[in-house]
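Please open the structure in a viewer and keep the selection tool at hand.

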Amino acid sequence: CDEFGNAGVQALAASSFFPKLTSLHLKGSQIGAEGMQALAASSFSSNLTSLDVGYNQILSAGMQILATSSSFPKLTFLNVSANQIGDAGILALADSFFFPNLISLDMSFNQIGAEGMQALAASTVFPNLTVRYNQ
């Protein structure tokens, strides 16, 4: 997946070959906010229970796209580790109620500051967080 990138995610998202896809592993695929937008618009996003987009370049902009999308109602596992996500992305996620089934969230190796951590701590949305090695 080294050269997958946003174009690869856009092609995958536009495909009708994966209507029952429940798990998607795009770790280290060089995707950014455009790729996250494509995933949110895909026909299979509503069936995903596991999404791993760790070690990409989604930044806070991509996290905000994900956090404000109602396209992932079945998601139970989300890995957004090592994406240079800052407080803006985490604040959007902490306020999001679009992930009613999310039980595991890995945001390690990002740039979450005090404001983002306080928002996560105050949020009642996520019962099981994994937040390690930030800043």
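A nonpolar core is a set of buried Ala, Val, Leu, Ile, Met, Phe, Trp, Tyr and Cys residues joined through side-chain atoms within 4.5 Å. The model on the screen is a predicted one.

**First stop: the core**

In this model, the largest nonpolar core has 38 residues. Select Leu39 and Leu51, which are the residues with the most contacts inside this core. Then display helix 1, helix 2 (33-41), helix 3 (59-67), helix 4 (87-94) and helix 5 (114-122), each of which supplies at least two residues of the core. As a general background, nonpolar side chains tend to be buried together in soluble globular proteins.

Keep leucine 39 selected. Which residues are in contact with leucine 39, leaving aside its neighbours within four places in sequence? They are Val9, Ala13, Leu24, Leu26, Phe44, Ser45, Leu51, Val53 and Phe72.

**Second stop: helix 2 and its cover**

Select helix 2 and colour its buried residues, which are Gly35, Met36, Ala38, Leu39 and Ala40. What covers these buried residues includes helix 1, strand 1, strand 2 (50-52) and helix 3.

Show helix 1 together with helix 2. Their axes are 8 Å apart and they pack at an angle of about 5 degrees. Because angles under 35 degrees count as roughly parallel, helix 1 and helix 2 are described as roughly parallel to each other. To see the contact, select Asn6, Val9, Gln10 and Ala13 of helix 1, with Glu34, Gly35, Ala38 and Leu39 of helix 2. By class, this contact of helix 1 with helix 2 has 4 nonpolar, 3 polar and 1 charged residues.

Now show helix 3 together with helix 4. Here the packing angle is about 10 degrees, and the axes are 7 Å apart. Helix 3 and helix 4 are therefore roughly parallel to each other. On the side of helix 3, the contact is made by Ser60, Met63, Gln64 and Ala67; on the side of helix 4, it is made by Ala88, Gly89, Ala92 and Leu93. The contact of helix 3 with helix 4 has 5 nonpolar, 3 polar and no charged residues.

Select leucine 12, found in helix 1 (residues 5-14). Is leucine 12 buried or exposed? Leucine 12 counts as buried, because its relative accessibility is 15% and the cut-off for buried is under 20%. Not counting residues up to four places away in sequence, leucine 12 touches Phe4, Phe18, Leu24 and Phe44. Next, draw a line from leucine 12 to serine 43: the two are 31 residues apart in sequence and 9.9 Å apart in space, C-alpha to C-alpha.

Most residues other than glycine have a negative phi. Select glutamine 30, in the loop between strand 1 (23-25) and helix 2. Glutamine 30 has a positive phi of about 60 degrees although it is not a glycine. At 41% relative accessibility, glutamine 30 is partly exposed.

Move on to leucine 59, which is found in helix 3. Leucine 59, also not a glycine, has a positive phi of about 55 degrees. Leucine 59 is partly exposed, with a relative accessible area of 37%.

**Last stop: aspartate 106**

Finally, select aspartate 106 in strand 4 (residues 104-106). Aspartate 106 is buried, its relative accessible area being 14%.

Terms used. Residues numbered from 1 in each chain as written. Predicted model: local features only at pLDDT ≥ 70, side-chain atom pairs only at ≥ 80, totals over all residues. Heavy atoms only, no water. Helix = DSSP H or I, 4+ residues; strand = E, 2+ residues; numbered from the N terminus. Buried < 20%, exposed > 50% of the residue type's maximum accessible area, 1.4 Å probe, protein only. Contact = heavy atoms within 4.5 Å. Axes fitted to C-alpha atoms, helices over the stretch in contact; angles between N-to-C directions. Parallel < 35°, antiparallel > 145°, perpendicular 65-115°, else oblique. Nonpolar A, V, L, I, M, F, W, Y, C, P; charged D, E, K, R; others polar.
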